[in-house]
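Hi,

Here is the structure I promised to pass on.

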Amino acid sequence: MTSGNLAEQKASGSASAPRLPYGPLAGIAAGVLGLGVAELIAALAGGASPLLALGDRVIDLTPRWLKEAAVATFGTADKPILLACVGLVTLSLLGVAGALAVRRPILGAGMLVLLGAIDIAALLADRAGNGTTGIVAIVIGLAVGITALILLTRPLRDTDSPSTEAEAPDGFDRRRFLVAAAAVTAVGAAGGVGAKVVTARRLPATRVAIPAAVSPAAPLPAGAELRIDGLTPHLTPVDDFYRIDIALLTPRVDVADYRLKIHGLVDDPVELTYEDLLAMPLYERRVTICCVSNEVGGDLIGNATWTGVRIRDVLKRAGLSPDADAVKSTGADGITIGTPLEALTDGRDSLLAIAQDGEPLTRDHGFPVRMVVPGLYGYVSATKWLTELEVTRFADFRAYWTDRGWSAEGPIKTECRIDLPGDDVMPGERTIAGVAWAQHRGVSKVEVRIDDGPWQPATLAAEDSIDTWRQWTYRWDATEGEHRIEARAYDRTGTPQTADEAPPAPDGATGYPTRTVNVG
């Protein structure tokens with residue numbers, strides 16, 4: 001080996017050692033440290049998380065079509081995937097900052113400042129109004145991150161032997177750099193974990209005693225639950241109940257501090273505590289609620305027993321103006337929802353729910369108070385972590401979802417779903433089964449069609465109420481081959497669900513659910 005080769009090996013550190021992107025590694029390590037410090041300070045001060053605030057802003061700015069695609073593809077896992085994407089993009093930009101800092105430290109620092117400014121803008125737009133403390137945390141985190149970036153990239157700068165992001169200058173101690181970068185990253189990660197621990201320790205209690213309802217739910221009729229393996233149960237367990245909302249971090253609401261404001265076009269504004277609600281007459285009702293993002297045959301729907309105060313009783317306390325036609329509700333996550341006033345006062349049991357299946361609401365499902373309105377999609381009725389009811393007019397406001405192109409009023413459409421059979425079955429008599437819903441109208445019948453043949457009546461389970469779904473079954477003599485199964489439901493007016501296929505936006509998906517089954 002020649003002396004020239006030896007010198008070349010010495011300059012590069014080692015002929016066999018891999019070339020590492022030292023600059024980007026320094027940027028990522030410094031950024032993780034700064035963000036970890038900011039997250040911990042924000043958590044200790046009780047402010048909004050900078051990372052989650054950024055994620056919330058991404059949700060707000062995401063086009064409707066992309067949101068629908070995310071829900072359709074990932075379902076209730078859309079938020080963790082969103083956070084992962086935000087994290088990957090952030091790490092990539094931090095890597096760019098590190099690469100810039102190797103040659104021009106001011107550019108690398110400027111990149112971090114730009115990222116911090118984006119996060120500050122997100123905190124300023126925080127829907128729940130808790131972003132101010134997070135801004136202070138971001139500024140401190142930026143100072144720490146920029147300092148770490150300058151120190152980590154200093155060994156990579158050599159005026160006599162300019163380096164690139166894949167090369168190091170003469171005399172560069174690669175091992176020392178990697179140990180330092182790893183230590184900085186570990187401290188930042190520890191700050192993030194510490195923020196989570198601090199936040200978790202501050203969680204208010206959700207174990208409260210729910211008084212007995214003055215009007216319990218009627219006993220479940222015999223035959224309403226068919227108990228067939230693979231068929232959706234009549235009542236959805238809380239742990240399996242779908243969750244679709246805009247909150248990346250579930251709001252933490254303490255019942256001791258809870259206040260519900262009722263104001264707007266009313267005679268006497270009212271403010272109720274949680275204890276005030278518990279002292280009012282409670283009603284227990286089984287109601288099926290559905291997300292407007294539910295695809296035809298989808299699972300963003302569930303049936304539960306809800307306990308709460310009738311909304312019309314609360315509104316009656318305030319006294320309604322005859323000019324009002326809507327209620328704008330607000331949640332602790334900053335969501336605003338517009339609901340037709342008629343749906344809250346026309347005699348249906350619209351509730352300020354405080355319990356689900358006999359237990360206090362969980363945080364994910366709206367503790368301490370949420371709205372449950374039979375017959376309306378959740379985006380116009382199911383406000384969780386409820387803090388405010390403003391009696392108003394549709395002409396005078398725009399709610400969160402209607403401001404993004406969804407219809408102002410969202411009655412749930414007549415639909416059904418096929419749960420059985422599976423994709424592959426043996427020949428012989430098989431059960432086709434599913435659930436059908438037409439909330440606040442009731443389901444009158446379900447029909448099944450095989451391979452574009454004639455529509456055949458299915459057998460309905462006993463009706464619980466017009467506000468809940470109904471199970472249904474059909475006995476099928478399955479022959480070998482591939483078969484296409486379709487189903488359709490009718491409401492009590494005799495109107496069938498439409499065959500016209502439409503996406504969820506702007507007011508709910510339509511079409512027949514179908515399933516292809518291989519028999520053999």
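**Helix packing**

The crossing of H2 and H8 is left-handed (a crossing counts as left-handed if the near helix is turned anticlockwise from the far one by less than a right angle, and as right-handed if clockwise). Before I go on, keep in mind that this is a predicted model, where local features need pLDDT of at least 70 and side-chain atom pairs count only at pLDDT 80 or more, while totals for chains, interfaces and linings use all residues. Residues are numbered from 1 along each chain as its sequence is written, and side-chain values use heavy atoms, with hydrogens and water left out.

Back to that pair: the axes of H2 and helix H8 (residues 174-201) come within 7 Å and cross at roughly 25 degrees. Axes here are lines fitted to C-alpha atoms, for helices over the stretch in contact, and angles run from 0 to 180 degrees between N-to-C directions. H2 and H8 are therefore roughly parallel to each other (angles under 35 degrees count as roughly parallel, over 145 as roughly antiparallel, 65 to 115 as roughly perpendicular and the rest as oblique). By class, the H2 contact with H8 has 18 nonpolar, seven polar and two charged residues. For the classes, Ala, Val, Leu, Ile, Met, Phe, Trp, Tyr, Cys and Pro count as nonpolar, Asp, Glu, Lys and Arg as charged, and the others, Gly among them, as polar. The helix and strand names come from DSSP runs, numbered from the N terminus (helices are H or I with at least four residues, strands are E with at least two).

H2 (residues 22-45) also packs on H5: their axes come within 6 Å and cross at roughly 120 degrees, so H2 and H5 are oblique to each other. This crossing of H2 and H5 is right-handed. On the H2 side, Gly-23, Pro-24, Gly-27, Ile-28, Gly-31 and Val-32 meet Leu-91, Leu-94, Gly-95, Gly-98, Ala-99 and Val-102 in H5 (contact means heavy atoms within 4.5 Å). The residues of this contact divide into seven nonpolar, five polar and no charged.

Then there are helix H6 (residues 105-124) and helix H7 (residues 132-153), which pack at an angle of about 165 degrees with their axes 10 Å apart. H6 and H7 are therefore roughly antiparallel to each other, and their crossing is right-handed. Among the residues that meet are Leu-112, Val-113 and Gly-116 in H6, and Ile-138, Leu-142 and Gly-145 in H7. That contact divides into 14 nonpolar, four polar and one charged.

**Pockets and cavities**

Rolling a probe the size of a water molecule over the atoms shows where empty space is left. On a 1 Å grid over the protein atoms alone, a cavity is a set of points where a 1.4 Å probe fits but cannot get out, a pocket is an open set with protein on both sides within 12 Å along at least five of seven lines, and lining residues have an atom within 4 Å of a point. Grid points are joined across faces, edges and corners, and a volume is the space filled by probe spheres set on the points.

The second largest pocket holds about 810 Å³ of space. Its lining has 40 residues, with Val-71, Asp-78, Ile-244, Asp-245 and Trp-401 nearest the centre. Helix H3 (50-61), helix H4 (64-74), helix H5 (78-103) and strand S3 (283-290) each give two or more residues to that lining, and H4 gives the most, with seven. By class, the lining is 25 nonpolar, five polar and ten charged.

How many cavities of 30 Å³ or more does a search of the whole structure find? Two.

- The largest cavity has about 80 Å³ of space. It is lined by 13 residues, with Asn-294, Glu-295, Glu-415, Trp-437 and Ala-509 nearest its centre. They are eight nonpolar, three polar and two charged.
- The second largest cavity has a volume of about 40 Å³. Its lining includes Asp-56, Arg-57, Asp-126 and Arg-127, and H3 gives the most to it, with four residues. By class, that lining has three nonpolar, no polar and five charged residues.

The peptide bond from Phe-367 to Pro-368 is cis, with omega near 10 degrees. Pro-368 sits in the loop between strand S8 (359-360) and strand S9 (370-372).

Cheers
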